[in-house]
Amino acid sequence: MLRYLPFLLVLALWIYAFIDVLNTPEKEVRNLPKIAWVIIVLLFGEVLLGPIAWFVAGRPRRTAAYGGGGGAFSPGGRRGGGWVAPDDNPDFLKSLDDEGKKPGGQTDGKEDEPGSDGPK
């Protein structure tokens with residue numbers, strides 16, 4: 001069983017690279033036309049040259065649009081409006097403040113009666 005592992009890993013990388021080439025938009029492919037990358041990955045996939053060439057030279061570089069770099073935990077700080085925790089988000093905190101100041105002094109339409117222990 002273990003002797004098949006290298007073959008399965010090569011096959012998995014080959015399939016992953018092929019699907020990645022097909023799913024990448026034409027205008028984002030680097031260095032060669034997309035059809036050329038499809039042919040290279042298919043012809044040289046068995047010896048890993050095609051998939052490695054795709055990942056090194058053809059695949060688009062990771063940017064904020066792809067989820068790379070510039071996140072909340074990156075050294076560069078927050079760039080581009082990534083996810084912010086609710087307690088750090090001033091808009092969310094302001095919306096909570098606005099909810100508490102509804103006209104009539106009620107927050108959710110129910111008034112708590114002093115001395116009531118809840119539903120019986």
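1. A residue is termed buried when its relative accessible area is under 20%, exposed when that area is over 50%, and partly exposed in between, with a 1.4 Å probe and the protein chains only. By this scale Ile-52 is partly exposed, at a relative accessible area of 45%.

2. Basis of the note. The model is predicted; local features need pLDDT of at least 70, side-chain atom pairs count only at pLDDT 80 or more, and totals for chains, interfaces and linings use all residues. Residues are numbered from 1 along each chain as its sequence is written, and side-chain values use heavy atoms, with hydrogens and water left out.

3. Confidence. The mean pLDDT (the predictor's confidence in each residue, from 0 to 100) is 75, and 67% of the residues reach 70 or more. Over residues 69-79 the pLDDT is below 50, and this stretch has eleven contacts in the model beyond near neighbours in sequence; a contact means heavy atoms within 4.5 Å. Where pLDDT is low, the predicted coordinates should not be read in detail.

4. Overall content. The protein has four helices and zero strands, in the order α-α-α-α along the sequence. Helices (H or I, at least four residues) and strands (E, at least two) are DSSP runs, numbered from the N terminus. Of the 120 residues, 15% count as buried. The protein exposes about 9800 Å², of which carbon and sulfur atoms supply 62%; these areas come from the Shrake-Rupley method with a 1.4 Å probe, and for residues only the protein chains shown count as cover. Among contacts between residues at least 6 apart in sequence, 45% join residues at least 24 apart.

5. Helix H2. Lys-34, Trp-37, Val-38 and Val-41 are the buried residues of H2. Viewed down the axis of H2, these residues fall within an arc of 105°, so they line one face of the helix; the arc is that of the directions from the helix axis to the C-beta atoms. On the other side of H2, Ile-35 and Leu-43 are exposed. The cover over the buried residues of H2 includes H1 and H3.

6. Helix H3. Within H3 (residues 49-58), the buried residues are Gly-50, Pro-51, Trp-54 and Gly-58. Down the axis of H3 they fall within an arc of 100°, so they too line one face of their helix. The face turned away from this buried side carries the exposed residues Leu-49 and Val-56. Helix H1 (5-23) and helix H2 (34-43) are included in what covers the buried residues of H3.

7. The packing of H2 and H3. These two helices pack at an angle of about 145°, with their axes 7 Å apart; the axes are lines fitted to C-alpha atoms, for helices over the stretch in contact, and angles run from 0 to 180 degrees between N-to-C directions. From H2, Trp-37, Ile-40 and Val-41 meet Gly-50, Pro-51, Ala-53, Trp-54, Ala-57 and Gly-58 of H3. The residues of this contact divide into seven nonpolar, two polar and no charged. In that division Ala, Val, Leu, Ile, Met, Phe, Trp, Tyr, Cys and Pro count as nonpolar, Asp, Glu, Lys and Arg as charged, and the others, Gly among them, as polar.

8. Arg-59. This residue lies in the loop between H3 and helix H4 (90-100). Arg-59 counts as buried because its relative accessibility is 18%. Leaving aside neighbours within four places in sequence, Arg-59 is in contact with Tyr-16, Asp-20, Arg-30 and Trp-54.

9. Positive phi values. Asn-31, a residue other than glycine, has a positive phi near 70°. Asn-31 sits in the loop between H1 and H2 and is exposed, at 63% relative accessibility. Leu-48, also a residue other than glycine, has a positive phi near 70°. Leu-48 is placed in the loop between H2 and H3 and is partly exposed, with a relative accessible area of 23%.

10. Leu-93. This residue lies in helix H4 and counts as partly exposed, at 41% relative accessibility. Not counting residues up to four places away in sequence, Leu-93 touches Pro-86 and Asp-87.
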